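Here's a quick briefing to read alongside the model. Have the viewer open and click along as you go.

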Amino acid sequence: TYCNMETEELRYFTQEYSVRELEEWFFSLLEEYKKWADFGYEWQQIRTDSIRALVFPYAYREGQKELAGYVYRSIVRGKKLFIEAPTGVGKTLSTVFPAVKAVGEGKAERIFYLTAKTITRTVADSTFQLLRGKGLRMKTVILTAKDKICFLEEADCNPAACPFAKGHYDRINEAMYDLLLHEDHYHRETIEEYARRYQVCPFELSLDMSLFSDGIICDYNYVFDPHVYLKRFFGEGSQTQGAGGPYLFLIDEAHNLVERGREMYSAVLIKEDFLALKRSVKEYDRKLERQLGKCNAALLALKRECEGFRVVPVKEIDDLVNGVERLSETMGSWLEEHDESPVREEILEFYFLLTHFLDIYDRLDDNYVVYTELLGENGEFLLKLFCVNPSVNLKECMGRAASTVLFSATFLPIQYYKGLLGGDEEDYEVYAQSSFDPRRKGLFIGRDVTSRYTRRGRQEYYNIASYLHEITGQRHGNYLIFFPSHAFLQNVYEIYEECFLDEEQEECLIQEDYMTEEDREYFLGRFEGNRECELEEMIHMEVQQEEDRRLLGFCVMGGIFSEGIDLKKDSLIGAVIVGTGLPQVCTEREILKRYFDGMGKNGFDYAYRYPGMNKVLQAAGRVIRTAEDVGIVVLLDDRFLTGSYQRLFPREWVEYEAVTVDRIAGRVERFWDEWL
């Protein structure tokens, strides 16, 4: 029976079958389902037996057994746990192992290991692989973004454009069953291999394999993003909708989730985008053109009230929202009827933007600030629904799990993160004691320099460059130097190059504003000793031994080299951190400051000091990565000697030396003499 949805006309097609034909069809269908059901039943028994026999793979480090115990008890009690875990605690293994044990005892069915960066996904993957080496049988999948894993140069899921999409559903079951029988871990390379073998979409294959996986390693957005989250697990009609489900969330480097949460639950409309699309659709659809014009007019009215930026009462955007709703409905109908239009892609992209805006509008509450702003010289005008406090939205998502464990090496102050990440008073927090010998790290604070705007100038840049010369001159090796901005970096580097650089003894690498994947790999490879020289360079250059040279990496705090990279042993022997990492003053930072001041908090701390100090701690954490590492951390800003910053120091920073530029060389030399 077919029904025309618009005219309600019914059309019938009748076919006759014998009982035997129907019986054969029915039982063959059951047999096909039984194959999967039998596998699932048998696998669950194999998995459970392996987990019960599993023991912790190493001798516990100091504090590690207690940390694993905290994780297990939090899972059993259905609570959230916030862990401040310094480098060396082994936090990944200490969270994954008890989570696996909980799955074996029926406390949960599936583990979601959530990360902000690809590098931390690799660490989680290695941890599961380590446990497999000790007898664990668990199926895990790493979800890779569609644009990265797609075989086409540009993702296009139209079967007419993609041979892997054409006939995908005819071949996908066979590909999945083959994977289930022969692999326990579905990482990118395995997914791509089987996708090519069976001519299916690799991204869809990875999503389908997640349904048969006991552990899913993926980006935050697969759980938290209102448009990207995995609806097969968390959508309406899924088994856990509306209650804490049989899932465990392990959230790595969870300090990143504050800003990611703000980003995912905010929405922006730009007036000029409406005008541009209005011009594009003019010759194709006059109704769309008119409605785009009305939305533009509503934004123009708001623009006339704005000088610089303005916080807008929600009721003032009613006309705009009504116009956007009508435009969204019209666009939805238009897209259903126009598959081949030259402007389809442009309209589709804009339609998604509007649906996101309307979804966020429906979420507006006291945790949001609506503001308008005129941008720079080009005069663009935007309206933003800004989620200043993402805790309610994040908490709602965490409610989909039986328990959530959030951990980071830089979770200070813990109550700041607990509040913004949706923690309740009855949820737990724990500080995991570092097992590393604190004497293996020399911590120095320069008390005669600063990155304050009022002091910035050639003399201050020269003083900082002098510090770098004195610090790195005491021992050959690799150093990372972190600056508050690219401009500050460039100013100091130019003076260092002019006054101190000895090209025979040292080499400098600069983090650029934009770096390709190859650029980043080369930068890190130099620190890891992975030097690749062209043959011609090797002929014409006399390359000294690494131990006779210094390598200085000039980087930006909060950038790609200040978090998530793992430079062990002699790959890095020192980090110099210039300034307190305070974010630049801007519209949103000032909105955050006012908002939290109004909530009775210290707005400056919430908007500037805490995020800045997190960057400092992350940069400092690059130095000591193993129990064998020895290195120095130098903080160049006199503000680190004030109580407001020292209250944010981790426990292992209790011992430090305040120094000046004329004394730092002697102090650093004495530190190295004790270890060489």
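In which loop does P413 lie? P413 sits in the loop between strand 13 (403-408) and helix 17, where helices (H or I, at least four residues) and strands (E, at least two) are DSSP runs numbered from the N terminus. This is a predicted model, where local features need pLDDT of at least 70, side-chain atom pairs count only at pLDDT 80 or more, and totals for chains, interfaces and linings use all residues. Residues are numbered from 1 along each chain as its sequence is written, and side-chain values use heavy atoms, with hydrogens and water left out.

- The peptide bond joining L412 and P413 is cis, with omega at about -5°.
- Q199 isn't a glycine, yet its phi is positive, about 55°. You'll find Q199 in the loop between helix 7 (188-198) and helix 8 (202-210).
- Q199 counts as partly exposed because its relative accessibility is 33%; the scale here is buried under 20% relative accessible area, exposed over 50%, and partly exposed in between (1.4 Å probe, protein chains only).
- E253 is another non-glycine with a positive phi, about 45°, and its place is the loop between strand 8 (247-251) and helix 11. At 11% relative accessibility, E253 counts as buried.

**Helix 18 against helix 19**
- Two packed helices are described by the angle between their axes and the distance between the axes.
- For helix 18 (residues 458-472) and helix 19 (residues 486-499), the angle is about 65° and the axes are 9 Å apart. Axes are lines fitted to C-alpha atoms, for helices over the stretch in contact, and angles run from 0 to 180 degrees between N-to-C directions.
- On the helix 18 side, the contact (heavy atoms within 4.5 Å) is made by R458, Y461, Y462, I464, A465, L468, H469 and T472. Helix 19 brings F488, N491, V492, I495, Y496, E498 and C499.
- By class, that contact has 10 nonpolar, 3 polar and 2 charged residues. Ala, Val, Leu, Ile, Met, Phe, Trp, Tyr, Cys and Pro count as nonpolar, Asp, Glu, Lys and Arg as charged, and the others, Gly among them, as polar.

**Helix 22**
- The 12 residues of helix 22 (residues 587-598) should span 16 Å at 1.5 Å a residue, and the end C-alpha atoms are 17 Å apart, which agrees. The expected span is 1.5 Å times one less than the number of residues.
- Its buried residues are T587, R589, I591, L592, Y595 and F596. They pack against several elements, including helix 11 (256-264), strand 11 (368-375), strand 12 (380-387) and helix 23 (603-620).
- After helix 22 comes G600, with a positive phi near 85°.

**Cysteines**
- The disulfide count comes to 0, taking a disulfide as a pair of cysteine sulfur atoms within 2.5 Å.
- C218 is buried, at 0% relative accessibility.
- C586 has its closest cysteine sulfur in C306, 15 Å away, again too far for a bond. C586 is partly exposed, with a relative accessible area of 36%.

**L288 and its surroundings**
- L288 is part of helix 13 (residues 286-304) and is buried, with a relative accessible area of 1%.
- Leaving aside neighbours within four places in sequence, L288 is in contact with V281, L327, T330, M331, W334 and I347.
- L288 and E349 are 61 residues apart in sequence and 15 Å apart in space, C-alpha to C-alpha.
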